[in-house]
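Me: Hi! I'm new to this one and would like a walk through it. Could you show it to me?

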Amino acid sequence: MSDDTAHKLKVERKGGLAGFGSPNSRVRSLGSVDLRTLSTADRQTVERMFAGDSRSASPPRPVRADAFQYHLTMTTPQGEKTVVVPEDHVPDAIRDSVQDELL
Amino acid sequence: MSCTCFFVPKSVLERLANDKTLAAELRRAAFESSLLSDLLRQSRLQHGAFISASRPLSAQLEELAAQPESVVFDANHTHTLPGKTVANPGSSSDPSAKRAYTQAARVAEFYQTIFKRNSVDNAGATLVSSVHYARNYNNAMWNGTQMVYGDGDGKIFIDFTGGNDVIGHELTHGVTQYTLQLGYEDDAGGLNESLSDCFGSMFRQWEAKQTSQQADWLIGSDIIGPVAKERNVTCLRNMANPADPRTLSPQPAKYSQLSPGMDPHFTSGPPNLAFCTACKGVPGNSWDTVGQVWYHVMVTAGPKPQMTMADFAGRTRQAAVQLFEAKPEVAKSVDAGWKLIGL
């Protein structure tokens with residue numbers, strides 16, 4: 001695993017009123033962040049998100065109708081690990097990394 | 001109501017709090033977070049209980065506040081809510097603020113005139129809207145207490161306040177929160193989204209004075225941006241044809257195509273089609289007949305966070321017979337709608 005891969009956070013934004021990322025959806029929202037470029041506080045937030053066990057990877061139940069969910073994926077020596085986080089828990093630097101794309 | 005919406009489970013927080021290999025500061029933070037989890041959970045349970053307990057009183061409260069107030073805030077392209085108060089939004093020079101104000105008031109008028117409902121809680125709750133949320137934000141949402149609108153990126157989407165069905169959709173999430181209290185996963189999630197599409201579309205038809213036969217049954221056609229239009233995207237969803245390839249996110253049309261874990265904006269396709277089919281089968285306005293049936297189930301079934309689509313279908317069949325005894329075509333059409341999607 002290269003150093004760059006180890007520090008790369010892959011980001012996908014799903015849901016919302018338009019159902020981003022649904023099967024057959026013509027719109028998707030992807031991005032990536034180099035963890036080394038985040039502030040200490042944001043990096044710690046990300047670490048806490050991934051600190052849980054495998055249950056953290058289960059989609060949480062959003063309580064905010066039509067809000068986005070962020071699927072954050074990190075490559076670890078054990079393979080890729082993904083956590084799903086409501087948009088209001090995601091640091092701005094990560095939220096701002098995604099680009100909406102029409103397929 | 002089930003309360004499992006934390007992204008770090010309480011058991012993990014407790015384990016971290018007791019892990020002596022971690023720094024004291026981190027252990028203390030984990031401990032405090034676990035306490036907060038409990039408090040938030042209790043708060044939500046109390047909120048649900050309060051909503052349930054207040055329902056019998058709502059008829060009396062309705063007289064205290066006959067028309068809900070509508071207020072608008074400007075988030076000024078930040079993530080901070082609600083933002084700065086917009087003074088006199090009804091005459092604001094900001095078209096987004098003016099639309100959010102005017103259309104929220106019109107949705108309230110629709111609910112009051114057609115369904116005798118006073119605001120989202122049927123007790124005159126103030127309708128709160130924030131416009132200009134974040135930058136290039138391609139979304140609108142109901143966050144549990146208020147409506148939030150993005151400006152769109154100007155390419156795929158334009159200003160989300162531009163769609164009166166969008167505003168009706170978001171406000172209906174509030175109505176659902178105070179009635180069925182539907183969850184946001186599986187059947188209940190799909191129903192939750194479908195109800196917002198149904199009432200959002202009905203509101204749009206009511207404003208345009210369209211019968212069910214005249215309506216286009218498209219959701220979000222007014223917020224599609226120029227780049228998406230160039231690529232033949234006409235709307236977010238088509239209630240009359242969920243699989244329409246010109247929609248931004250084509251949906252399934254049969255209940256059998258749904259499976260657990262799917263996005264509620266995907267699984268709303270079959271119940272949307274059932275509603276649209278039922279409405280189109282009865283000559284006249286959707287809100288006069290089938291809309292009344294759907295609303296009756298929303299306000300009489302009680303809190304059903306895990307409601308299945310089959311349960312909702314059964315209740316609408318029963319309500320159609322009860323409410324329209326002298327108009328059997330309504331029950332027949334409701335039945336045909338559900339049968340079309342396999343329920």
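What follows is a chat about the chains, their helices and their sheets.

Me: What kind of model is this, and how are things numbered?

Reply: This is a predicted model, in which local features need pLDDT of at least 70, side-chain atom pairs count only at pLDDT 80 or more, and totals for chains, interfaces and linings use all residues. Residues are numbered from 1 along each chain as its sequence is written, while chains are lettered from A and ligands numbered from 1 in the order in which they are written.

Me: How do the strands of chain A line up?

Reply: They form an open sheet of five strands, ordered β4-β3-β1-β2-β5, with antiparallel pairing. Two strands pair if DSSP finds at least two bridges between them. At the edges are β4 (79-86) and β5 (99-102) of chain A, each pairing on one side only. On average, neighbouring strands of this sheet are turned by 25° against each other, direction ignored.

Me: How many bridges join β2 to β5 there?

Reply: Four bridges join strand β2 (residues 27-34) of chain A to β5(A), and the two run antiparallel. In one of the pairings, A:Leu30 has A:Gln99 of β5(A) as its bridge partner.

Me: Which helix packs on that sheet?

Reply: Helix α2 (residues 40-51) of chain A does, touching β1 (8-15), β3 (68-76) and β4 of chain A. The direction of α2 makes about 105° with that of β4(A). Angles run from 0 to 180 degrees between N-to-C directions, and axes are lines fitted to C-alpha atoms, for helices over the stretch in contact.

Me: Let's zoom in on A:Lys14. Where does it lie?

Reply: A:Lys14 lies in strand β1 of chain A. It is partly exposed because 19 other C-beta atoms are within 10 Å.

Me: Which residues is A:Lys14 in contact with?

Reply: Setting aside neighbours within four places in sequence, A:Lys14 is in contact with A:Phe20, A:Gly21, A:Phe68, A:Gln69, A:His71 and B:Asp263. Two residues are in contact if their C-beta atoms, placed from the backbone, lie within 7 Å. As for A:Pro86, it is 72 residues from A:Lys14 along the chain, and their C-alpha atoms are separated by 9.9 Å.

Me: Over to chain B. What's in there?

Reply: Chain B has twelve helices and seven strands. Of its 343 residues, 51% count as buried. Among contacts in chain B with a separation of 6 or more, 61% are between residues 24 or more positions apart.

Me: What order do the strands take in the sheet of chain B?

Reply: Five strands form an open sheet in the order β2-β1-β3-β5-β4, with mixed pairing. The edge strands are β2 (84-85) and β4 (140-142) of chain B. Strand β1 (residues 70-74) of chain B pairs with β2(B) in the antiparallel sense over two bridges, and B:Phe73 stands opposite B:Thr85 in β2(B).

Me: What does α4(B) touch on the sheet?

Reply: α4(B) touches β1, β3 (127-131) and β5 (147-149) of chain B, and its direction makes about 155° with that of β1(B). Then there is α5(B), which lies across β3, β4 and β5 of chain B at about 20° to β4(B).

Me: At what angle do α4 and α5 of chain B pack?

Reply: Helix α4 (residues 95-115) and helix α5 (residues 164-178) of chain B pack at an angle of about 60°, with their axes 9 Å apart. That makes α4(B) oblique to α5(B): angles under 35 degrees count as roughly parallel, over 145 as roughly antiparallel, 65 to 115 as roughly perpendicular and the rest as oblique.

Me: Which residues make that contact?

Reply: B:Gln103, B:Ala104 and B:Val107 of α4(B) meet B:Asn164, B:Ile167, B:Gly168 and B:Leu171 of α5(B).

Technical notes
A residue is buried if 20 or more other C-beta atoms lie within 10 Å of its own, exposed if 12 or fewer, and partly exposed in between; C-beta atoms are placed from the backbone.
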